[in-house]
Amino acid sequence: MNPVGVDIRHVALSFGATQVLKDISVSVEPGEFFALLGPSGSGKSTLLRLIAGFNQHQAGEVLIGGRDVTGTPPWKRDVGMVFQNYALWPHMTVEQNVAFGLEERRLPRAQVREKVAAALDLVGLAGYGARRPGQLSGGQQQRVAIARTLAIEPQVLLLDEPLSNLDARLRVQTRQELVKLQRRLGITTIFVTHDQIEALTTCHRVAVMDEGVIQQVGTPMELFDFPVNRFVAQFVGSVNLFAGRFEREGGALRFASEKLGRVALPAGVEPPAGEHDLAFRPHAVSVVDAAGPEALSLRGAVENAEFLGEFLRYEIRVGAGLVIADIPHARGRAPIAPGTAISLAIPASELRFVAA
Amino acid sequence: MRTHPGIVAIALAIAAFLVAFLVIPVVAVVYTAFSDGHGGFTLAHFAAFHEISLMRESFANSLYVAGMTVGLGTLIAVPLAYLTVRFQFRGAILVQTLGVLPLVMPAFVGAAAMQLLFGRSGSVNLILKDAFGVTLPLMEGLNGVIFVETLHYFPFILLNLSAALANIDSSMEEAAQNLGASGWRLFRKVVFPLAMPGYVAGASLVFIKVFDDLGTPLVLNVTNMLAPQAYLRVTSIGLEDPIGYVICVILVAFSIGAMGGSWWFVKRRDYALVSRGGVQAPRRRLTPWQALLAYGWIAGMLLLVLSPHLGILLLSISKVWSFTVLPEQLTLAHYATVFTESKQMIWNTFLYCGLAALLDVALGTAIAYIVLRTKLPGRQLLDHLVTIALAMPGLVLGIGYLRTFKGVELPFGGGALTASWVIFVLAYAVRRLPYALRSCMAALTQVHPALEEAAENLGAGRWNTIRRVVIPLMMGGILAGFVTSFITAAAEISETILLTSRESMAPMSYGIYLYFQSVLGRGPGAALGVIAVALVAFGTYVSHRLVAARSPHQSGGGQ
């Protein structure tokens, strides 16, 4: 089956007086593994349920494979959804659970049996058909839920926080299996998560959502390297973020902020017009004897250090603000003692200016 | 920590009480059914039972009536439950009312009113005959029993099923919709099976209640059923007639079978998965046609359910009411009659039920404490013993009492136990104990042990902790248990009919039954019925308020 795309065009949805989705437009390419990433209450699950047909949008249109599905009930959409709690029916065996969608499609018995076996085989649960969901582990239950959805060969696969009910170790393994499965089947997949690591590691592209609005759509690296606003910068990865304004004095450019005070920006940095925050990642900070002109130079005192194995995370008091610096650890090297005055350098290429 | 000797003594005393007034009477009944009279085992009495065609007929009739009641009750309850839980509509309060109304009136009280409304020459048939020249045999023979019992007991299915439906996580249904199921198939393949535990619990309860009921068939003059036959054998042939005991064993076996069956059914499947996210399905909107159908159905049911209440009220204030659609002359004379003739009975009800309920909450509190808060070996046994009472038909316990305590004299010259009012208190208390115990257990579970540890830490001994901390915190549950015991005892009829040996010691429920035996007594009987219903309704209201007031702010600490 050829994969299909999903087009969301100017969709708006309110529950009573609460606007949950505000003019959402996004295109998911055929065969793409696409993530909706955002904190709880951002509208990401609402958007997913809207694609499945469980929510009705009040404005705009939703196209699946070029066909407008607005008004099509969930049971006629051919969009497979894996629920956060798996939603396996306890009164049916694993086999009966997986066969359900096929039976609803009135497939001949022999074909149902064949497809159930194939689906269970696909998720590595061949031979578990006679068990009841309650007799399976959490990870196995999730795989049954995936098999049940894939058995109907849906046009689009929707995953609602599929990893959140698994323990940490299993989560990484399942994540990798999901990616392999998606690549193998080539099915258009939309994945809802609040965990940036999950989104960054699995998906081709990610839409970051907040307060019912898509903040930015891009590949994981685009989001990390070029966040368009403060929310995306903070939500994807960790970041040092300072509000302030630019001042030009002669040829020199300065950034004046309440927290850092007035600091000179390195030559060649061109800030965009208007109010922006200065942003840089903790791993871009290095401790130096004296910073060169090609880097932003800050001076401060170590306030706290956390040892995280591969690196040390320092909190450094700079003016009235705190700068986070992740400094790689080398064997045997002692941490810098709290109170020590140090110089920091951030290369010009690592400085970002993001909209507030 | 060693268990306090005082607690051991109390536990033993409770165990002795339960053995004397629950276990021994039941064992005596079962023993008599299987005994050849010389200490040997025999199945001859069962064979004799099988030889009598009336008995075979009664057995079949009882099964038929109980089965039909469950079936019809299901037909009424399932749409109502589904409607309230899954759709947006304003009738929810009406359906809740529907769920409580029948329970406040004992089925046998309603039966007399139903006769006048739906009987051969009742209001409905008079109208039908006038308009279409036909009559419906709604109250003829077994039909009448089924009709009355269905209207009385369908709330058990409604309440249990509604609770089960409300507990289903919305994703369970959405997953089915996502895979292509909708409408009736969605209900049949996913929704109803998931609510099955609630349905089975309600349906098995209805089956037992109807199978064991003595009052309704007697008031409707239907004797070819098991419970009335047992009663007639014991009262007319005598306590020595083994057939009555055979019937009792059958009643007990079916009760235990139905309860055990429903327990096994729920246990067998893992339904814990059902409610896990705790998100209730969003309520759907009704289309205008669906709304019309829904409101029509509810209105019709409300009218049916209210009919015995209205009927009994009308009957209590009508001078004569026969062969007319509505009574033609109204009077308050019946109430005057009741208050002069039956003052004693009303007083008796308060005395017996009050003492029984008091005994229940005292035992319930003690057992709850012993089971939940001590390490006394075998403490669960007390809980299990009490649960047996749940499966004991009143008729069986009544017959057991008569047989076991025949000739037992009360101390201090109180006369024979079976001829004394004390026996009512004992019989009522034993059969209501499970309800009171549940209520006390629930209350004590909500009291965090840290609250007791805090008292002990501050120097209070065990008894002072119980008296000053545990019991005050449990008070809401204890009171609710008291009210429940009181009102269910006041509405009881099976034990009452059996144990009443003199009119002067009879409680109200027997008075109503007695009045209904004669045409002239119907008015006063109805008046007494109205008083009983008012009493039960008031008690139900109080108990709901008590349960509502027992909010989490009393619980302290975590759950």
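The model is predicted, so local features need pLDDT of at least 70 and side-chain atom pairs count only at pLDDT 80 or more, while totals for chains, interfaces and linings use all residues. Residues are numbered from 1 along each chain as its sequence is written, with chains lettered from A and ligands numbered from 1 in the order in which they are written.

Chain A holds an open sheet of 6 strands in the order 6-7-8-3-9-10, with mixed pairing; strands (E, at least two residues) and helices (H or I, at least four) are DSSP runs numbered from the N terminus, and two strands pair if DSSP finds at least two bridges between them. Strand 6 and strand 10 (213-218) of chain A form the edges. Strand 6 of chain A pairs with strand 7 (residues 156-160) of chain A in the parallel sense over 4 bridges.

Turning to the interface, 22 residues of chain A are in contact with 24 residues of chain B (C-beta atoms, placed from the backbone, within 7 Å). Helix 2 of chain A gives the most to the chain A side, with 3 residues.

In chain B, the axes of helix 16 (residues 379-390) and helix 18 (residues 422-446) come within 7 Å and cross at roughly 120°; axes are lines fitted to C-alpha atoms, for helices over the stretch in contact, and angles run from 0 to 180 degrees between N-to-C directions.

Technical notes: Two residues are in contact if their C-beta atoms, placed from the backbone, lie within 7 Å.
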